[in-house]
Amino acid sequence: ENSELKEDIEEASIRINTTSTQLETTQLRLKKTREQLNSTKDLLEVTRRNLTLTEADLANKTTMLTETQEELEDALNKAECELNSTVTSTWDMLYSPNIFNEILTLEKLAYFKTKIEKLSFFVGVRMTDTVIRFFKFYHGFGQDACEDYED
């Protein structure tokens, strides 16, 4: 019995040592894993900060792009309408967007007749710069001329 007990104790001691060694190995692996996790966590935080900066930069660039697109559209709209800057004769109205390179229809002609007929109320009035500016501003021969001539 004593020898059996000794063998059992030795086996238990060997198992305890083996388990102790396994525990130490597991603890070392756990320590390395924690170190890697902390390192990854630090890298993730740096990445988050970079992402925040990139998002802010993107928002700024998007705003700038939107503003530039609006300015470009305004410039294109003004550039498309010859009436805004180059009216030198009555025939320049033919450069308006819905006439130039388009087929002249009776409806389009009627629109222009209506505009010209408004002049009949001013028979006997000297056509000064002030009167012409009045027509441009109040009767669609100014900044809104392009919109005025569109269907």
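**Exercise 1. What is the accessible surface of the chain, and what share belongs to carbon and sulfur atoms?**

Solution. The accessible surface of the chain comes to about 13200 Å², and 57% of that area belongs to carbon and sulfur atoms. Accessible areas come from the Shrake-Rupley method with a 1.4 Å probe, and for residues only the protein chains shown count as cover. The model is predicted: local features need pLDDT of at least 70, side-chain atom pairs count only at pLDDT 80 or more, and totals for chains, interfaces and linings use all residues. Residues are numbered from 1 along each chain as its sequence is written, and side-chain values use heavy atoms, with hydrogens and water left out.

**Exercise 2. Describe the chain by its secondary structure, burial and contacts.**

Solution. 

Step 1. The chain has four helices and zero strands, in the order α-α-α-α from the N terminus on. Helices (H or I, at least four residues) and strands (E, at least two) are DSSP runs, numbered from the N terminus.

Step 2. Of the 151 residues in the chain, 12% are buried. Buried means under 20% relative accessible area, exposed over 50%, and partly exposed in between (1.4 Å probe, protein chains only).

Step 3. Among contacts with a separation of 6 or more, 49% are between residues 24 or more positions apart. A contact means heavy atoms within 4.5 Å.

**Exercise 3. How many salt bridges does the structure hold? Locate each one and state the exposure of its partners.**

Solution. 

Step 1. There are three salt bridges, each defined as a side-chain nitrogen of Lys or Arg within 4 Å of a carboxyl oxygen of Asp or Glu. Side chains of opposite charge can pair when their charged atoms come close.

Step 2. Arg15 pairs with Glu11, with 3.7 Å between the closest N and O atoms. Both residues lie in helix α1 (residues 2-80), four residues apart, about one turn of the helix. Arg15 is exposed at 52% relative accessible area, whereas Glu11 is partly exposed at 41%.

Step 3. Glu45 pairs with Arg49, the closest N and O atoms being 3.9 Å apart. These two residues also belong to helix α1 and stand four residues apart. Glu45 is partly exposed at 34% relative accessibility, and Arg49 is partly exposed at 49%.

Step 4. Asp57 and Lys61 form a salt bridge with an N to O distance of 3.4 Å. Their positions in helix α1 are four residues apart, about one turn. Asp57 is partly exposed at 38%, as is Lys61 at 45%.

Step 5. The spacing can be read with helix geometry: an α-helix has 3.6 residues a turn, so residues three or four places apart point the same way.

**Exercise 4. Which residues make the nonpolar surface patch of about 310 Å²?**

Solution. 

Step 1. The patch is made by Leu104, Leu106 and Leu109. Patches are made of residues with over 30% relative accessible area and no salt bridge; like charges are joined within 9 Å, and nonpolar side chains (Val, Leu, Ile, Met, Phe, Trp, Tyr) within 5 Å.

Step 2. Leu104 is placed in the loop between α1 and α2 and is exposed at 52% relative accessibility.
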